[in-house]
Amino acid sequence: MSTAIYPGSFDPVTLGHQDIIYRSSKMVDCLIVGVLNNSSKKPLFTVEERMDMLREVTKDLPNVLIESFDGLLVDFAKQRKANIIVRGLRAIADFEYELQIAQTNRSICPEVDTIFLSTSLDYSFLSSSIVKEIACYGGRLDQFVAPYVEKKIQSKWRK
Ligand code: ADP
């Protein structure tokens, strides 16, 4: 059985993330979306909130599981018997950082390899940070996130 992990902050999940989840879930038996529990990044949403949004937007994908992790990604991968890490590449700017992380992970744990999916053109500019920036100025988010996520962002800003 092939198991892959798609790790990230997902603060919050965007349509760009959803596109990568959908496409990579077709390539493996089981895709685990790993939500990084990293307090140093000061996320807008708690891990539970981020997982809740991910569960909602992936509810029609039966082979996708949502889990959280902290510590080293390769340790989480080994624990879950996953030998593939999925990452999305938007632009050249992502490449240098992603290559460094992938090579580091491979040198720590050679049995876990990273595959990169190039972003769909519609989402190549999209990031969770841009979504939060637009939300903070009251802009519309419907072309960037799912309706459920948009509601959660709006209620967060209202608080
Ligand atoms: P991280 O903090 O690990 O970068 P993110 O949640 O920002 O976590 O991103 C998780 C993964 O999703 C990364 O591989 C990132 O390159 C990818 N990604 C983010 N936005 C998009 C997008 N619009 N299209 C495709 N991939 C994306």
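Predicted model: local features only at pLDDT ≥ 70, side-chain atom pairs only at ≥ 80, totals over all residues.

Trainee: OK, where does aspartate 11 sit?

Mentor: Aspartate 11 is in the loop between β1 and α1. Helices (H or I, at least four residues) and strands (E, at least two) are DSSP runs, numbered from the N terminus.

Trainee: And what does aspartate 11 touch?

Mentor: Leaving out residues up to four places away in sequence, aspartate 11 touches Pro43, Leu44, Phe45, Arg50, Ser128 and Lys132; contact is heavy atoms within 4.5 Å. A polar atom of the aspartate 11 side chain also lies 2.9 Å from the backbone nitrogen of phenylalanine 45. A polar contact is a pair of N or O atoms within 3.5 Å; within protein, one must be able to donate a hydrogen and the other to accept it, and residues adjacent in sequence count only if both atoms are side-chain atoms.

Trainee: Switching to the sheet: what's the strand order?

Mentor: The open sheet has five strands in the order β3-β2-β1-β4-β5, with parallel pairing. At the edges are β3 (64-69) and β5 (113-118), each pairing on one side only. Strands pair if DSSP finds at least two bridges between them.

Trainee: How many bridges join β1 to β2?

Mentor: Six, between β1 (residues 3-8) and β2 (residues 30-36). Tyrosine 6 has valine 33 as its bridge partner in β2, and alanine 4 stands opposite leucine 31. Strand β2 is mostly covered, with six of its seven residues buried.

Trainee: Which helix lies across β4 and β5?

Mentor: That's α4 (residues 92-108), running at about 170 degrees to β4 (84-89). Axes are lines fitted to C-alpha atoms, for helices over the stretch in contact, and angles run from 0 to 180 degrees between N-to-C directions.

Trainee: Now the ligand. Which residues come nearest?

Mentor: Of the 17 residues around the ligand, Tyr6, Ser9, Lys41, Gly88 and Tyr123 come nearest; a residue is near if one of its heavy atoms lies within 4 Å. The side chain of tyrosine 6 has an N or O atom 2.6 Å from a ligand oxygen. For serine 9, a polar side-chain atom is 2.7 Å from an oxygen of the ligand, and for arginine 87 that kind of distance is 3.2 Å. On its own the ligand has 550 Å² of accessible area, and the protein covers 89% of it. Areas use Shrake-Rupley with a 1.4 Å probe; for residues, only the protein chains shown count as cover.

Trainee: Last one: is serine 24 buried or exposed?

Mentor: Serine 24 is buried, because its relative accessibility is 1%. This serine belongs to helix α1 (residues 15-25), and its side chain reaches the backbone oxygen of isoleucine 20 at 2.7 Å. Beyond neighbours within four places in sequence, serine 24 is in contact with Leu31, Val86 and Leu117.

Terms used
Residues numbered from 1 in each chain as written. Heavy atoms only, no water. Buried < 20%, exposed > 50% of the residue type's maximum accessible area, 1.4 Å probe, protein only.
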